Amino acid sequence: MKLRGQLNLLLIVTAIVPFITTSLFSIQVQYAVQDQSELYVEAITKAKMIGSSVVKQIDQMTEPTNETIETLHYYGEGVEVGFYSFDRQLLTQTERGSFPTYLMPTDLLSNLYELQAKEGVFIYKEPVFQGDGLEGFYEIRFIQGDMQRDALFIYTLTFLFFICSSGITFYMVQHWFKKNMLIPFTWMKEQMQSIGDGNHDVTMHGSTHKRTEVGVLLDDFAIMTAQLNEIEQEKRRVEGNRQKLIASISHDLRTPLTSIHAYAEGMLANAGKRDEYASVILSKTRYMQRLIEDLLMYSHIQATSFLLDLQQVDAEELADTLYDGYKDQWTEHEFHIQLDHAHVELLVDVDRLIQVVDNLVVNAVRYTPKNGAITLVATDDSHVLGKYGVKRMAGYFYFLVVDTGAGISKEEQAHVFDSFYQVEKARNQSNETGVGLGLAICRELVQKHGGLMGVHSVLGKGSAFFFSLPIVNTEQNEGIT
């Protein structure tokens, strides 16, 4: 439930509590009034009957002051009767009567023949005549103890209900506020302090399964913090790569520079070996140039402004372009080219893929002994791919560079595409090494094409480096150039 809905529900509950309390009180009062009305009618009826009985008893009394009026046996408990003389003196009363011995004229003569409610009792007064003369007055009292108890019960019940309902409502409000406001924002405050201290490891808040606005805010906060953590880790990774880069540049450029310096001095000291020394200097210079080109390419790919010049081409024609010229370039190795004639379309930057294949072929030549075989394959046939240990994924076209070198161990295969990682130099058939950026550059370029890159290798038998590119639906991509 949304936070706004919960607040509205809470307000409704808070408003209902006094309404229910008032309604309960009104209902109880209504019942009490109804009971009082019934009691009033009953009291009038009893008063008339008791009055007749009292008159008869008085007529039979010789000395009213010495005799007691009897009512309990006939009219029940809670009825009291007193008889006053015409001069307002109390002459007789019931056994439990509590009448004053003398009344003022206004107290005795007022409200005759009427049932009055006063101080928890009903009072009925009527004069008694004998012949033409006034004998006195009788007063009947009906105790309203039930009414008082009902009223006390109503007030007590209403008060207790109000206290309980208010307490429950207060608890609900406090619990809701604590769960949905206090705890989440306290958690956020602690996490912000933790982030300020440099700790970016923030987990999702546990109480956000109810998708309220606060829950979404906490999840977004956790996601933002996770992103900051990723950025921080990426910064550390970049910084680590930068330090590795500096160390690699320092090491890999120092070695050829030292050789160039030594051979340059040798050319001055030994004129007969100038051509030999010049060839070595030229080789070292080319090596340094290739290192610098790799560094520049790696830096360029990592930049956000790097874009591919994509065009739609036939896979077989692309393979012809990528594999052309290697037989003539490295005559000390056997090159075999295997092309699948399935005509599918690919969306690629041809120049970048030439760099990828050239890097893979150079590595294959570097790690393959002379007269060893290197096979260049382009296919989407699962049987052909299985021959080289590659599992086919539907919708992709594969390019492979397979060598017959020493192979790569499982441990090295897991890191071979990492930046600045170099395979064990003992397997290198040439004396030249790089800074470990070649395969990292290849993977970056392939991934920017939406493809995948991998390696399958067996020690002592060789390696198969491959990359796959998504096949284009020609109907959907019609008109791409």
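Are R141 and E139 buried or exposed? In this predicted model, in which local features need pLDDT of at least 70, side-chain atom pairs count only at pLDDT 80 or more, and totals for chains, interfaces and linings use all residues, R141 is buried and E139 is buried as well, where buried stands for a relative accessible area under 20%, exposed for one over 50%, and partly exposed for values in between (1.4 Å probe, protein chains only). Residues are numbered from 1 along each chain as its sequence is written, and side-chain values use heavy atoms, with hydrogens and water left out. The side chains of R141 and E139 are joined by a salt bridge, with 2.8 Å from N to O; such a bridge is defined as a side-chain nitrogen of Lys or Arg within 4 Å of a carboxyl oxygen of Asp or Glu. By this rule, the count is one salt bridge.

The protein chain contains 12 helices and 12 strands, these being DSSP runs numbered from the N terminus, with helices (H or I) of at least four residues and strands (E) of at least two. Of the 481 residues in the protein chain, 39% are buried. The chain exposes about 28300 Å², of which carbon and sulfur atoms supply 56%, as computed by the Shrake-Rupley method with a 1.4 Å probe, with only the protein chains shown counting as cover for residues. Among the contacts in the protein chain with a separation of 6 or more, 67% are made by residues 24 or more positions apart, a contact being a pair of heavy atoms within 4.5 Å.

Helix α7 spans residues 315-323, and its buried residues are A315, E316, L318, A319, L322 and Y323. Seen down the axis of α7, these buried residues fall within an arc of 155 degrees, so they line one face of the helix; the arc is taken from the directions that lead from the helix axis to the C-beta atoms. At the start of α7, a side-chain oxygen of D314 comes to within 3.0 Å of the backbone nitrogen of E316. After α7 comes G325, which has a positive phi near 95 degrees.

Y323 also belongs to a cluster, in which ring pairs link it with F397, F399 and F467. Rings of Phe, Tyr and Trp (its six-membered ring) are paired if their centres lie within 6.5 Å, and planes under 30 degrees apart count as stacked, over 60 as edge-to-face and the rest as tilted. By this rule, there are eight aromatic pairs. One of them is formed by F417 and F465, which are edge-to-face, with 6.1 Å centre to centre and 80 degrees between the planes. This pair links distant parts of the chain, since F417 is in the loop between α11 (410-413) and α12 (438-448), whereas F465 is in strand β12 (residues 462-472), 48 residues apart. Both F417 and F465 are buried.

In helix α12, the buried residues are G438, L439, A440, I441, C442, L445 and V446, and they pack against α6 (274-302), α9, β11 (452-458) and β12. G450 follows α12 and has a positive phi, near 85 degrees.

Helix α9 includes N359, which is buried with a relative accessible area of 16%. When neighbours within four places in sequence are left aside, N359 is in contact with G438, L439 and C442. A364 is also placed in helix α9, and A364 is buried, with a relative accessible area of 2%. Not counting residues up to four places away in sequence, A364 touches I374, V401 and D403. Between A364 and T375 there are 9.6 Å in space, C-alpha to C-alpha, and the two are 11 residues apart in sequence.

Positive phi values also occur in residues other than glycine. Y113 is not a glycine, yet its phi is positive, at about 65 degrees; Y113 lies in the loop between α3 (105-109) and β3 (115-118) and is partly exposed, with a relative accessible area of 46%. N371, likewise a residue other than glycine, has a positive phi near 70 degrees. The position of N371 is in the loop between α9 (350-367) and β9 (373-379), and N371 is exposed, with a relative accessible area of 62%.

Technical notes:
Polar contact = N/O pair within 3.5 Å; in protein donor to acceptor, adjacent residues only side chain to side chain.
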